[in-house]
Amino acid sequence: MKFDVIVVGAGPSGSAASLTAAKAGMKVLTLERGPEPGSKNVSGAMVRLSEVAKVFDVNGVPFEREVKRVRLLLSSEKGDIRIDTYPKTKLLNVSRLKFDKYLSQQAENAGTLLITKTTALGIKKEGEYYRVITDRGEIEGDKVVLAEGANALVSMNIGIRPEFSPTNTVQAVKEVYTLGKDEVNKRFQLQGDTEGESWRVIASDPVPYAGFLYVYKDSVSIGVGVPMQTLIDKKMRPYEVLDSFEKKFGINELVKGGSLREYSAKIIPEQGFPEWKSCMDGIYSSGDAIGLINPLVFNGIGPAIISGSLAGKASVENWDCRKFALELMNVKEIREISKLRPLVKELLGKGYLSVYDEFLTNIAESWASGDLSELTQYKEIIPTLLKHVLLLWGGIA
Ligand SMILES: Cc1cc2nc3c(=O)[nH]c(=O)nc-3n(C[C@H](O)[C@H](O)[C@H](O)COP(=O)(O)OP(=O)(O)OC[C@H]3O[C@@H](n4cnc5c(N)ncnc54)[C@H](O)[C@@H]3O)c2cc1C
């Protein structure tokens with residue numbers, strides 16, 4: 001049996017590609033290596049509903065809690081800053097198992113055939129069509145979408161993108177503690193079943209890292225992301241950074257008595273499209289597979305969905321690689337990620353994240369103590385600061 005489009009991966013990006021192609025009347029097959037969509041991404045994330053709604057029907061989207069408060073925390077040896085912000089846009093903390101299943105179901109409802117427990121291993125070109133090799137046999141398709149996430153083995157196999165290197169990778173680790181709904185509400189001072197909270201953290205000890213905390217219905221997810229090269233240079237393990245994060249911000253008290261439900265580790269690419277190719281003669285890549293994630297704010301699901309939908313459209317309309325790349329760059333969220341990459345490289349790769357962390361906490365401390373003279377020591381970073389402001393401006397303007 002031959003398909004019009006074969007999609008590898010039933011994550012947010014793959015389901016967006018499948019839905020778009022199936023809605024256009026294509027015969028679509030989606031391959032997922034896990035027993036069900038989302039099972040390889042069990043615990044959740046914070047998503048912007050407006051980005052999901054660009055492709056999917058969000059009436060009835062399963063969510064854990066709506067984020068009413070985002071707590072920003074900065075910490076360095078100079079002190080700590082805590083700012084509570086109240087998002088104007090709708091942010092949801094979701095369980096990936098339920099969320100990914102919900103998205104994938106929409107693709108199935110549109111006519112996609114989903115086959116789980118099947119891993120794509122490679123792709124062979126056979127004249128005008130492709131043969132996708134899996135651990136359960138081979139399937140033929142006219143077009144292929146690679147939406148296999150960050151650890152994109154097929155994409156690396158066929159040479160559409162490079163292998164990871166420690167200098168372009170962030171290592172993330174995450175834990176989920178179950179506490180029960182009442183305890184979650186009490187400990188985070190939340191009302192009702194659906195009011196939620198998230199934390200974003202930048203800290204410098206024991207190494208520079210970004211941390212997060214998401215509150216679910218009856219549990220709490222905590223994690224950190226650290227540049228891989230930093231871990232190698234400092235001979236540290238990611239869980240040591242996570243441990244330090246939990247102690248430093250009193251999280252171990254907040255989850256005390258809870259049961260550890262999940263411990264997972266994942267890599268986040270720091271590089272990607274457009275330096276990485278997004279297409280190869282009828283094969284289109286999307287989402288984390290081409291690094292469409294902002295590692296500073298852990299936002300990847302929206303860009304994965306938007307780029308997946310474009311890959312689906314490219315398969316239907318037989319776009320060439322130039323057109324696909326142009327269409328990707330036309331999307332604000334994707335353009336922003338790619339244009340901010342030089343800044344991310346400076347902040348994570350060259351260590352400026354901890355310089356600014358210290359700078360900002362020092363400003364706060366100097367202001368509180370009424371002596372601003374200590375800030376003169378930062379005179380030398382002003383040119384770099386201006387350069388980074390311009391890079392930021394170039395990315396978002
Ligand atoms: C710790 C951490 C926290 C994060 N927090 C957030 C957050 O709060 N908000 C946010 O927006 N983003 C967050 N992200 C990023 C987000 O998880 C990703 O950007 C997003 O999941 C990318 O979607 P995707 O569909 O491209 O890939 P994935 O979600 O990784 O999906 C890929 C799918 O393909 C399947 N697959 C892989 N290889 C094969 C194969 N060979 N054959 C068949 N199936 C295959 C996998 O099983 C998986 O189901 C976080 C990432 C990490 C690591």
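The C-alpha centres of domain 1 and domain 2 lie 29 Å apart, in what is a predicted model. Domain 1 covers 2-44 + 95-161 + 272-334, domain 2 covers 167-269 and domain 3 covers 351-396, with bounds from an automatic or database domain assignment.

A quick note on ground rules, everyone. Numbering runs from 1 along each chain as its sequence is written. Local features need pLDDT of at least 70 and side-chain atom pairs pLDDT 80 or more, while totals for chains, interfaces and linings use all residues.

Now, where does the ligand lie? Domain 1 and domain 2 both give residues to the shell around the ligand, so the ligand lies between them. That shell has 38 residues, and Gly9, Gly11, Gly149, Gly287 and Gly300 come nearest; a residue counts if its C-beta atom, placed from the backbone, lies within 6 Å. By class, 18 are nonpolar, 13 polar and seven charged. Nonpolar means Ala, Val, Leu, Ile, Met, Phe, Trp, Tyr, Cys and Pro, charged means Asp, Glu, Lys and Arg, and the others, Gly among them, are polar.

Last, have a look at helix α13, residues 382-396; helices are DSSP runs (H or I, at least four residues), numbered from the N terminus. Of its 15 residues, the number buried is zero, so α13 lies largely in the open. Buried means 20 or more other C-beta atoms within 10 Å of a residue's own, all placed from the backbone.

Note on methods
Helix = DSSP H or I, 4+ residues; strand = E, 2+ residues; numbered from the N terminus. Expected span 1.5 Å × (residues − 1). Buried ≥ 20, exposed ≤ 12 C-beta atoms within 10 Å, placed from the backbone.
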